[in-house]
Amino acid sequence: MRRAALPLLLSLLVPGGVAPGGAGQTTAPPAPTAAWGDSLYPTLGQAGLDVQHYDLALTVPTPGTPTLSANVTLTAHATRDLPLLSLDFTGPAVTRATWNGQSLPFTHDRARGKLLLRRALPRGAATTVTLHYQGEPQGLPDPVLPLRVGWQSVPGAAGAPGANFAFSEPDGTRSFLPVNDHPADPATFTVHLTVPQALTAVASGVQTSDHPAPGQRHTVTFEQRQPIPTYALALHVGPLERVTVPPAPAAPGRTVTRADYFPPGVPDTVRAPYRRTNEMLRTLQDWFGPYPFETLGAVVVTPALPALETATLSTMPVRSSTDRVVVHELAHQWFGNAVPLADWADVWLNEGFATYAELLWAQAQGQDGQSVANTWYEQLRARGTRPLVARTQEEMFDLSAYQRGALALHALRAQVGDPAFRGFLRAYAAARTARPTRTADLLRLTRTRLGDAAERTLREWIEQPELPPRPEVLGGPVH
């Protein structure tokens with residue numbers, strides 16, 4: 001939902017809420033390594049490196065300031081011969097690296113955003129690498145909005161404690177955590193957050209422990225057991241109130257643990273939409289299939305940022321706390337978090353599906369879904385549109401990615417009818433979970449399940465430069 005209200009966000013954002021930028025000096029020329037080959041972020045990731053798990057121990061000594069200290073252990077294997085390991089990292093100085101417990105030489109080239117670990121990893125081999133670092137992450141510029149993505153700092157007011165959180169889409173995780181920072185390499189996470197005793201710490205996944213730590217602190221551990229893209233990792237520290245909610249049903253015999261988090265002084269009007277999350281979950285599971293994770297919640301933050309679908313725990317600014325945005329970010333738990341992208345050019349696969357969830361929710365509430373689709377169509381006619389595969393970083397989160405992407409699904413639904421469309425959505429979510437996905441994968445599944453005519457319809461919306469004819473789905477509310 002990052003650009004759904006771009007003009008409003010541009011008016012709300014003010015300097016000073018996010019750490020300033022600045023790259024470190026190059027310490028040595030980087031050895032040649034093949035990046036993942038993304039269309040829009042060609043330097044991200046290392047081709048052939050599969051990080052399976054990150055175990056992050058992160059200490060925040062003074063929440064509200066950018067300073068942190070951390071060590072992270074990566075468990076990885078090689079899918080091709082690698083002359084060295086190349087991680088994405090623009091963050092603080094690394095003080096030590098080990099490879100399977102033994103000291104390892106490395107070069108931290110901040111100018112190019114790479115941490116080079118100088119040991120070969122043959123195809124099929126695995127390794128465990130541990131890195132220690134501390135300092136102040138600087139963040140990275142967003143491709144469109146006047147903000148920096150990565151580790152966020154929110155100073156406390158009038159002597160109250162401050163807060164920190166991760167806001168990383170598309171590439172901000174590498175500013176505070178050494179990672180293979182491409183969505184095509186999703187991984188599981190264990191996160192240990194050490195913070196002052198009086199403050200709350202929460203991250204993606206299931207909380208497994210909370211125990212005292214030296215210096216009047218405590219360490220809270222979370223396990224994210226299903227693979228997620230690195231940008232989707234949720235991290236929050238601050239004076240947050242936890243509000244537990246009765247578990248929500250998911251697949252037969254399984255429930256989803258529910259909790260939301262609010263900063264001090266948030267009025268009930270902001271809290272109210274989150275009380276409908278279980279109802280939203282039931283609606284979306286009817287269309288998309290079982291919720292893909294073990295926990296579900298949201299953390300409300302005060303800076304004027306876009307909302308973000310951080311895994312299992314949406315990051316929700318106060319001004320984004322509406323039914324429409326909550327259901328949008330919930331849909332991303334399927335499309336973006338469980339079904340990851342193989343290339344950032346195909347980000348409409350995330351945003352179009354999540355935007356269409358807004359229509360499905362509106363219909364479930366007795367509203368006219370076709371009227372929602374008509375509004376999207378008229379806005380695109382007025383403002384212009386493009387083929388859905390993005391050609392530049394600036395196109396990633398534009399109106400076409402959201403509304404044209406949603407209308408492409410509406411056109412497919414209009415052609416095949418609700419029962420077939422529902423089965424298609426469920427099949428797509430199930431077939432592509434934890435499998436990096438491109439537009440071509442969606443088109444193949446469309447042809448296989450719905451036939452050649454359905455594929456032609458979807459391809460027209462994906463590829464045609466001009467706006468196709470307005471699709472219409474007739475009928476009453478969907479329940």
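Modeller: A cavity is a set of grid points where a 1.4 Å probe fits but cannot get out, and its lining residues have an atom within 4 Å of a point. The model we discuss is predicted.

Biologist: Which residues line the second largest cavity?

Modeller: This cavity has a volume of about 40 Å³. An atom within 4 Å of a cavity point puts a residue in the lining. The residues lining the second largest cavity are Leu49, Val51, Leu74, Ala76, Leu85, Leu87, Leu117, Thr127 and Val129.

Biologist: Which elements give two or more residues to that lining of the second largest cavity?

Modeller: The lining includes Leu49 and Val51, Leu74 and Ala76, Leu85 and Leu87, and Thr127 and Val129. Two or more residues of the lining come from each of β1 (49–59), β2 (68–78), β3 (85–88) and β8 (126–135).

Biologist: What is the volume of the largest cavity?

Modeller: The count comes to two cavities of 30 Å³ or more. The largest cavity has a volume of about 80 Å³.

Biologist: Which elements give two or more residues to the lining of the largest cavity?

Modeller: Among the residues lining the largest cavity are Leu296, Gly297, Ser314, Met316, Val326 and Glu329. By class, the lining of the largest cavity has six nonpolar, three polar and two charged residues. The elements that give two or more residues to this lining are β19, β20 (313–317) and α4 (323–332).

Biologist: Now the second largest pocket. Which residues are the closest to its centre?

Modeller: About 310 Å³ of space lies in the second largest pocket. The lining has 21 residues, and the closest to the centre of this pocket are Val154, Ala163, Pro239, Pro263 and Thr302.

Biologist: Which elements give two or more residues to the lining of the second largest pocket?

Modeller: By class, the lining of this pocket has 16 nonpolar, five polar and no charged residues. Two or more of the lining residues come from each of β11 (163–167), β16 (235–238) and β19 (295–301).

Biologist: How many residues in the contact of α3 with α4 are nonpolar, polar and charged?

Modeller: From α3 come Thr277, Met280, Leu281, Leu284 and Phe288, which meet Asp323, Val326, Val327, Leu330 and Ala331 in α4. By class, this contact has eight nonpolar, one polar and one charged residues.

Biologist: Are α5 and α6 antiparallel or oblique to each other?

Modeller: Helix α5 (residues 348–364) and α6 pack at an angle of about 150°, and their axes lie 8 Å apart. Angles over 145 degrees count as roughly antiparallel. Therefore the term for α5 and α6 is roughly antiparallel.

Biologist: Is the crossing of α6 and α7 left-handed or right-handed?

Modeller: The axes of helix α6 (residues 369–383) and helix α7 (residues 399–416) come within 10 Å and cross at roughly 135°. That makes α6 oblique to α7. The crossing of α6 and α7 is left-handed.

Biologist: Two backbone points remain. What is the phi of Asn100?

Modeller: Asn100 is found in the loop between β4 (94–99) and β5 (102–103). Most residues other than glycine have a negative phi. The phi of Asn100 has a positive value, near 50°.

Biologist: Is the peptide bond from Glu169 to Pro170 cis or trans?

Modeller: Pro170 has its place in the loop between β11 and β12 (187–196). Most peptide bonds are trans. The bond from Glu169 to Pro170 has an omega near 5° and is cis.

Methods. Residues are numbered from 1 along each chain as its sequence is written. This is a predicted model: local features need pLDDT of at least 70, side-chain atom pairs count only at pLDDT 80 or more; totals for chains, interfaces and linings use all residues. Side-chain values use heavy atoms; hydrogens and water are left out. Axes are lines fitted to C-alpha atoms, for helices over the stretch in contact, and angles run from 0 to 180 degrees between N-to-C directions. Helices (H or I, at least four residues) and strands (E, at least two) are DSSP runs, numbered from the N terminus. Angles under 35 degrees count as roughly parallel, over 145 as roughly antiparallel, 65 to 115 as roughly perpendicular and the rest as oblique. A crossing is left-handed if the near helix is turned anticlockwise from the far one by less than a right angle, and right-handed if clockwise. On a 1 Å grid over the protein atoms alone, a cavity is a set of points where a 1.4 Å probe fits but cannot get out, and a pocket is an open set with protein on both sides within 12 Å along at least five of seven lines; lining residues have an atom within 4 Å of a point. Grid points are joined across faces, edges and corners, and a volume is the space filled by probe spheres set on the points. Ala, Val, Leu, Ile, Met, Phe, Trp, Tyr, Cys and Pro count as nonpolar, Asp, Glu, Lys and Arg as charged, and the others, Gly among them, as polar. Contact means heavy atoms within 4.5 Å.
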